[in-house]
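Dear colleague,

Please find below the structure I promised to hand over, followed by an account of what was found in it. I would be grateful if you would read the account with the structure open.

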Amino acid sequence: MLSFLESYMEPSADEVARNIADDFRKRRVEKGLTRKAVAEMSGVALANITRFEQHALISLKHLIMLATSMNYLSEIKNIFAEPKYSTMEELLQIRHNTGKTKAYTRKP
């Protein structure tokens with residue numbers, strides 16, 4: 001029963017980071033690239049790549065550099081490209097705020 005409920009829970013930030021790091025390593029190995037080769041291709045220090053693969057820790061800039069070197073830039077570039085909503089109220093809010101550059105909380 002618990003595993004059934006867990007399938008409906010959102011993953012934690014750490015779980016998502018771990019999955020991204022694991023997927024990166026899989027893609028690197030599939031292409032037959034060493035960490036050193038990716039470091040040279042991307043400009044990201046070897047120590048940062050090692051830390052990413054082992055501990056799922058990396059800066060956004062370095063992640064973008066790795067994605068670019070492995071031809072995955074469009075996947076990262078478009079991460080927030082489309083609005084997401086789950087209710088009609090959210091959709092109406094998005095439409096109302098389209099084009100605005102700042103978000104304000106209305107004062108009563």
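**Surface patch**

On the surface, Leu60, Ile64 and Leu73 form a nonpolar patch, with about 250 Å² of accessible area together. Patches are made of residues with over 30% relative accessible area and no salt bridge, like charges being joined within 9 Å and nonpolar side chains (Val, Leu, Ile, Met, Phe, Trp, Tyr) within 5 Å. Accessible areas come from the Shrake-Rupley method with a 1.4 Å probe, and for residues only the protein chains shown count as cover. Leu73 belongs to helix H6 (residues 73–77) and is partly exposed, with a relative accessible area of 34%.

**Basis of the values**

This is a predicted model, in which local features need pLDDT of at least 70 and side-chain atom pairs count only at pLDDT 80 or more, while totals for chains, interfaces and linings use all residues. Residues are numbered from 1 along each chain as its sequence is written, and side-chain values use heavy atoms, with hydrogens and water left out.

**Overall arrangement**

The protein has seven helices and zero strands; from the N terminus on, its elements run α-α-α-α-α-α-α. Helices (H or I, at least four residues) and strands (E, at least two) are DSSP runs, numbered from the N terminus. Of the 108 residues in the protein, 17% are buried (buried means under 20% relative accessible area, exposed over 50%, partly exposed in between, with a 1.4 Å probe and protein chains only).

**Largest pocket**

The largest pocket has a volume of about 460 Å³ and is lined by 16 residues, of which Ile20, Leu63, Ala67, Glu75 and Ile76 lie nearest its centre. Two or more lining residues come from each of helix H2 (13–30), helix H5 (60–69) and H6. H2 gives the largest share, five residues. By type, the lining divides into twelve nonpolar, one polar and three charged residues (Ala, Val, Leu, Ile, Met, Phe, Trp, Tyr, Cys and Pro count as nonpolar, Asp, Glu, Lys and Arg as charged, and the others, Gly among them, as polar).

A pocket is defined on a 1 Å grid over the protein atoms alone, as an open set of points where a 1.4 Å probe fits, with protein on both sides within 12 Å along at least five of seven lines; lining residues have an atom within 4 Å of a point. Grid points are joined across faces, edges and corners, and a volume is the space filled by probe spheres set on the points.

**Salt bridges**

Six salt bridges are found in the whole structure (a side-chain nitrogen of Lys or Arg within 4 Å of a carboxyl oxygen of Asp or Glu). Asp22 pairs with Arg18, the closest N and O atoms being 3.0 Å apart. These two residues are four residues apart in helix H2, so about one helical turn separates Asp22 from Arg18. Asp22 is partly exposed at 32%, as is Arg18 at 25%.

Also in helix H2, Lys26 and Asp23 lie three residues apart, about one turn of the helix, and their side chains meet in a salt bridge (4.0 Å, N to O).

Glu53 and Arg25 form a further salt bridge (4.0 Å, N to O). Because Glu53 lies in helix H4 (residues 46–55) and Arg25 in helix H2, the pair ties together parts that are 28 residues apart in sequence. Glu53 is buried, with a relative accessible area of 5%, whereas Arg25 is partly exposed at 42%. Both belong to a network of salt bridges that links Arg25, Arg28, Arg35 and Glu53.

With kind regards
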